[in-house]
Structure formats: C-alpha cells, structure tokens
Amino acid sequence: MPKRLLEFRDRTAIAGVGYTPFSKDSGVSTLTLACRAVLAAVEDAGLSPGEVDGLATHRVGDSAPPTLVGPALGLGDLSWHLDQFGGGSVSHAVVGQAALAVAAGLAETVVCYRAINARSEFRMGGTGRGVPVSPEVQYQAPYGYVAPPQQFAMYARAHMLRYGTRAEHFGALAVIQRANAAKNPRALMRTPITLDDYLASRWIAEPFRLLDCCLETDGACAVVVTTAERARSLRRPPVLVSAAAWGGGTSHLSCDDPTVTGAAGLAPRLYAQAGLGPGDIDVAQLYDCFTYSVIVQLEDYGFCPKGEGGPYVASGATALDGELPVNTHGGFLSEGYVHGVNHIAEAVSQLRGEAGDRQVPGAEVALSTAQPGYVLPATSALILRRA
C-alpha cells in the first residue's frame, strides 16, 4: 500500500447527515430536494450554509448539479465541486473524492448529496424511453435486454447454477431487511414480511421477484465531509473516513466469471488502507439494488467463502442480532433508494450510536459499499470508524 494512502487514513470525517422525507411523489424538483438535504446535513453538523465551500454529487442526467445547488443556496464561490457521472457504482467514490479534496486543503467543508425523483420523474434504467447512450446497448436492445433487473438476473442465475443458491436465500435477505425497516421511522416499507410473502410476490425478471428489487423513491440524502480535527469541535460525534477506494468492476460483456464482482478486486486495497480486515467490521451497509447483490458482496468482501453467501444469510448472520448486521435501515429494498448515499448516512448513525431500535450495540467500524461493478464496470466503498 503506497505510503501516501496510509497517510490519508482518519484525516477526514463525516460531521453531519441530512435527509428529506422519502416518498413516491415528492411534489418538488430535484433541486429543491438537494437543497433541503444539504441544509439538513449542515444543520446536523452545527454549521451555517456560509461555511460550505464544496459540493459533490453523482447523477445520470436526473438531478441538480453543484453548479445549480450552490447558487440556489447562496453559497457564492465554491473552492471545489464534483459532478460525477454515474449511478450507484460511483456513489461512494464521491465521498472518497471529497475526503481527498479536504485532506489536500482544496476545501474545508464539502457536502456530498444525491437527490432524485426516481418514482415520480426519471428512473435510471426505467422503461418507456429511448435506450441509454452506451456502446454495448446496441447489442442488447434488439433482445429487450436493457433494464437493470434483467441484467442482474443473469448474474444471479449464474450464481444459482454454480453454487446452488436458492430463491429461499434471496427471500431470507428480503425478510431480514424488512424487519430492520420496521424499526426505522424513515423507511417507506415497514410492514414485516415472511418467506411465504416473498415467494408469492410476482415475477419481475426471473429469478427476481418484486421483493428482490429496490424501491423507486423520491428523496435526497447528504453528508458533510471535513477535517477530522475540525469535526471534533462540531455538534455531532465525528465519524472518521478510515479508507475510501474505487476502481474497476466486471464488464458484463467480457467477464470470465459473472459470479465475481469488482468488489473482489477492490476489497484488499480498501482493507489495507484502513489497516483492518473483514473480521473487524461491526456493521455493513451493502448496496442492495437487488437481493443478489448483497449475497455476492458478502463473498467478495470476505465475510464468507465464495458460493456460501446464500446459506450465510439464511443462517441469520446478517440480522440485527447476527454476527454481521447488514443494511440495518432496511436498505434500498425497504427504506428507500437514494442511490448509495443513504447507506453511508446509516453507517454514520450506527457509529454515532443514534440508530434507535435498530442500533447495533458497540458498533465502532462500518463498511459501506456501492454497486459492486455490474453493468457499469466500476465500484467504490468506504470504511468508517467511530472517532
């Protein structure tokens, strides 16, 4: 591990988190959602909007960029901003890049946000519009193979065929995450479900049923990144950025093994940067666009052997009282889908000890991850630590 990356460890912190309500119809623009989440995060940190000198987001032509949000909030001259193209794969890279900017002195207080009206307006990967502008799509579109559920379904099926992963394993994960959401006042879906409910839900793209798929959500979420030293003087307990990594994923057109994701390549760099390993993680927020994406990440981040992600979940290991609580807020399946940033905010809540009925006792280290590298060959992740 390069010395310069080791020096990055714990130099920056997340000092505030902010949300808008999650809904199916926000009734406002994505610009309004972004501004509200940014202001909520700044208030949570005990700062004033005038102290923000950086903004960062990721989007796919579906949201408000920093160059609009900054003026709308009257922030004036931003010393640093980032408008990253991309979906869930880059969600954690945005916070990592903000931490680098703060560590380098380019900015002191950067707010990272994601704002979407994914239910009432534009849903990335949704149907009813032209196919995405992407080279590989020309080969997929003639077969109607363009939506994320279709693409992830192929990988999930490959995992089932190779390792014997069963629908009941996917269902166990959906049931566990709904139980977590039942303890989360912010969650859109709080009614507990059973495995029978899961098995009875309608098909979306086999082997995925409705309850395998993330929600379509209107909402926004934001986090404040500043120096660790400054964070210690602010209102909330700081949560240190111990590691941030991003890199290449698995091209779904050329990969040799579709059951291995980009997370498998990134994980060693991430753990080395933090000076930790899988056994040190107390709680994990794993990108759950679909149930399968959690199961494959449990393997690729080293929490269980390859091929055993399904039985690991079915054993109860990822429940709140299990050995590795996962997606304690209910995840994208049940809390809401804010494209990665609400996973980071939940990790911060857990490390602050402020997660209420879903709090993991003694949580000191959290892993939060982006989409593991399918579809767009990129992924990213953070390891956060209580100061």
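I will go through the sheet and then the salt bridges. Keep in mind that this is a predicted model.

Start with the sheet. It is open and built from nine strands, in the order β3-β2-β4-β7-β1-β8-β11-β10-β9, with mixed pairing. Strands β3 and β9, the latter at 283-285, are at the edges, and each has a single partner strand, so one side of each has no neighbour in the sheet. From one strand to the next, the twist averages 25 degrees.

Strand β8, residues 239-248, and strand β11, residues 378-386, run antiparallel and are joined by nine bridges. If you want a position to look at in that pair, Ala-244 is opposite Leu-382 of β11.

Next, what packs on this sheet? Helix α14 does. It touches β1, β2, β4, β7, β8, β9, β10 and β11, and its direction makes about 110 degrees with that of β1.

Now the salt bridges. The count is 18, and I will show three of them.

Asp-44 and Arg-352 form a salt bridge, with the closest N and O atoms 2.8 Å apart. Asp-44 is in helix α2, residues 30-45, while Arg-352 is in helix α14, residues 341-352; the two are 308 residues apart, so to speak, distant parts of the chain. Are these two residues buried or exposed? Asp-44 has 11% relative accessibility and counts as buried. Arg-352, at 10%, also counts as buried.

Asp-83 and Arg-59 meet through their side chains in a salt bridge, 2.8 Å from N to O. Asp-83 is in strand β3, residues 80-85, and Arg-59 is in strand β2, residues 54-59, so the pair ties together parts 24 residues apart in sequence. Asp-83 counts as partly exposed because its relative accessibility is 35%, whereas Arg-59, at 19%, counts as buried because the cut-off is under 20%.

Asp-62 is buried, with a relative accessible area of 10%. Arg-114 is buried too, at 0%.

Notes. Residues are numbered from 1 along each chain as its sequence is written. This is a predicted model: local features need pLDDT of at least 70, side-chain atom pairs count only at pLDDT 80 or more; totals for chains, interfaces and linings use all residues. Side-chain values use heavy atoms; hydrogens and water are left out. A salt bridge is a side-chain nitrogen of Lys or Arg within 4 Å of a carboxyl oxygen of Asp or Glu. Helices (H or I, at least four residues) and strands (E, at least two) are DSSP runs, numbered from the N terminus. Buried means under 20% relative accessible area, exposed over 50%, partly exposed in between (1.4 Å probe, protein chains only). Two strands pair if DSSP finds at least two bridges between them. Axes are lines fitted to C-alpha atoms, for helices over the stretch in contact, and angles run from 0 to 180 degrees between N-to-C directions. Contact means heavy atoms within 4.5 Å.
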